[in-house]
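Please open the structure in your viewer and keep the selection panel at hand.

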Amino acid sequence: MSSPVLPKPVPAYAQIKAYVRRQIEQGVWQTGEQIPSEHELLKQFAVSRMTVHRALRELTAEQVLTRIQGAGTFVAGQKYQSTLVQIRNIADEIASRGHRHHCEVLLLERTRDHAALQALELDQGDEAFHSRLLHFDNDVPIQLEDRFVNPQLYPHYLEQDFRTLTPNAYMTREAPMQRAEYLIIARMPDATARHRLRMDIGDPCLVLQRRTWAHGRIATDVTLWHPGSRFQFAGAF
C-alpha cells in the first residue's frame, strides 16, 4: 500500500499572518489600533524577527496593516480621503469622519523668494507670505501644507493662529475663492517631509499643487503633501 500524503506544514510567517487577520476579523484589534510590536510577536510565537517582519510586511502590502515610522504598526482602515470638486477646510474633512484635527505651525514668514512672487504673479521687490503647516487626523500626520499667500488680499495672514483656524477658513472669510486650478502627482518626499509625515523610506507621497483666485488676482499657491499609503482623493460631479 502506498503511504498517505501528509499535508505540508504551514510556514510560520503564514501562521502569524492568519493570527493577525483573525484578531482583526473578530474585533479584538480595531481599526486604527496599534498591534503588538515585532518584539512582542516573536516572543509570543517563539520565531525569528525575520519571520515576524515578513508577516507584517506582507500584511502592510495587502493594506491590512499600516506602518507609521517611529510610532508602530496599526490596523488599517479606509484611507483618509479628500474631495477635489469642492475645496473644503481640512478640519471639516476630518470632523466629518468623526475624528479630531489639530495643526502644528512649522513656519510663518514674509518672503521675497523669486518662486513665490512668480507663482503669485507679484512684482519683483514685492513681498509674499509663506506658511508651512502640518495637519493631523487623530494624532496621525496626513498633510504637510506649504503655502504662498498674496498679502494684498490677505494682509493679516501672518497674524492668524493656525493652530485653531485653518488657512482655508481664514481666506474664505476674507476673500472667497473665485476659481482654482490644480495638479495631482506622485512624488518621493525629501527627508524632512518624510520625517514630518512619519513615512517609511521609499514610500511615495500624493502631492496636490493648487492655485486659487480671488477678486481677479491669484490669492494663494499651495503644495499639499500626503502619505500615499494613508490618503486618497475622490470626487464626483
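Is Glu181 buried, partly exposed or exposed? With a relative accessibility of 36%, Glu181 counts as partly exposed; here buried means under 20% relative accessible area, exposed over 50%, and partly exposed in between (1.4 Å probe, protein chains only).

Before the next selection, please note that this is a predicted model, in which local features need pLDDT of at least 70 and side-chain atom pairs count only at pLDDT 80 or more, while totals for chains, interfaces and linings use all residues. Residues are numbered from 1 along each chain as its sequence is written, and side-chain values use heavy atoms, with hydrogens and water left out.

**First stop: salt bridges**

Select Glu181 together with Arg211: the two form a salt bridge, with their closest N and O atoms 3.1 Å apart. A salt bridge is a side-chain nitrogen of Lys or Arg within 4 Å of a carboxyl oxygen of Asp or Glu. Glu181 belongs to strand S7 (residues 179-187) and Arg211 to strand S8 (residues 205-214), so the pair ties together parts that are 30 residues apart in sequence. Helices (H or I, at least four residues) and strands (E, at least two) are DSSP runs, numbered from the N terminus.

Next, select Glu104 and Arg196, whose side chains meet in a salt bridge at 3.7 Å, N to O. This pair links distant parts of the chain, 92 residues apart: Glu104 is in strand S4 (residues 101-111) and Arg196 in helix H7 (residues 191-196). Glu104 is partly exposed, at 32% relative accessible area.

Now select Lys17, Arg54 and Glu58, which are linked in a network of salt bridges. In the whole structure, a search finds 14 salt bridges.

**Second stop: nonpolar cores**

Select Val20, Trp29, Ile35, Val52, Leu56 and Leu65, the residues with the most contacts inside the largest nonpolar core, which has 14 residues. A nonpolar core is a set of buried Ala, Val, Leu, Ile, Met, Phe, Trp, Tyr and Cys residues joined through side-chain atoms within 4.5 Å. Helices H1 (12-25), H2 (38-45) and H3 (49-61) each supply at least two residues of this core, and the largest share, four residues, comes from H3.

Apart from this core lies another, of 13 residues, including Leu153, Phe162, Tyr170 and Met171.

**Last stop: a loop**

Finally, select Glu159, in the loop between strand S6 (140-149) and helix H6 (167-174). Glu159 counts as exposed, at 61% relative accessibility.
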